[in-house]
Amino acid sequence: MIHHYKNVSPAIHPTAFIANDAVVIGDVEIGEESSIWFKTVIRGDVAPTKIGKRVSIQDLSMLHQSPNNTLIVEDDVTVGHQVTLHSAIVRKKALIGMGSIILDGAEIGEHAFIGAGSLVPPGKKIPPHTLAMGRPAKVVRELTEDDYKEMERVRISYVEKGQYYKHHTNLGIEN
């Protein structure tokens, strides 16, 4: 379901896949070939949410903001199942593992990997090209070529799946 909030409607690129039971409200931008999966909620009713190109926001995730604190998800990001993103910045090609929580003012560096179930506290900066995990998340190591290959495989598979669902099923919202 796509809804306006105070006369502001989501801006969704025509190539994006939005699952028919996802909820996208208000001041939300979603870029080309991005995918918003089943039972995900993106509320742009406090501040803007900007989602780049080829981003996957997987099932049961929740995206929201605090006043005057935009949520930004740059291009080619993978957000795993049941992730909460709240007024944070996720830089290009990062991967946020399943069940993680990224809070206000946190910044996930380009090509960083947040391990499943992690909590990135308010204001925490995770450097580019690192694996961080835990509650609270701490950097545990630099990423390897194998990590980058796996992150790319997952990203590409979700772009392809999103496009398949958009063009070959009735499980998406027409936008």
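**A working chat on the sheet and loops of a predicted model**

Modeller: S87 is found in the loop between β11 (84–86) and β12 (89–90); strands here are DSSP runs of E with at least two residues, numbered from the N terminus. This is a predicted model, in which local features need pLDDT of at least 70, side-chain atom pairs count only at pLDDT 80 or more, and totals for chains, interfaces and linings use all residues. Residues are numbered from 1 along each chain as its sequence is written, and side-chain values use heavy atoms, with hydrogens and water left out.

Colleague: Is S87 buried or exposed?

Modeller: S87 is buried, at a relative accessible area of 1%. Buried means under 20% relative accessible area, exposed over 50%, and partly exposed in between, with a 1.4 Å probe and protein chains only.

Colleague: What is phi of S87?

Modeller: Phi of S87 is near 50°, a positive value in a residue other than glycine.

Colleague: And where is L60, and what is its phi?

Modeller: L60 lies in the loop between β7 and β8 (62–64), and its phi is near 70°, again positive in a residue other than glycine. L60 counts as partly exposed because its relative accessibility is 47%.

Colleague: Changing topic, what is the strand order in the open sheet?

Modeller: The eight strands run β3-β5-β7-β10-β13-β16-β19-β20, with mixed pairing. Two strands pair if DSSP finds at least two bridges between them.

Colleague: Which strands stand at the edges?

Modeller: β3 (17–18) and β20 (137–142) do; each has a single partner strand, so one side of each lacks a neighbour in the sheet.

Colleague: Which peptide bond is cis?

Modeller: The bond from R135 to P136 is cis, with omega near 5°. P136 is in the loop between β19 (130–134) and β20.

How values were computed: Helix = DSSP H or I, 4+ residues; strand = E, 2+ residues; numbered from the N terminus.
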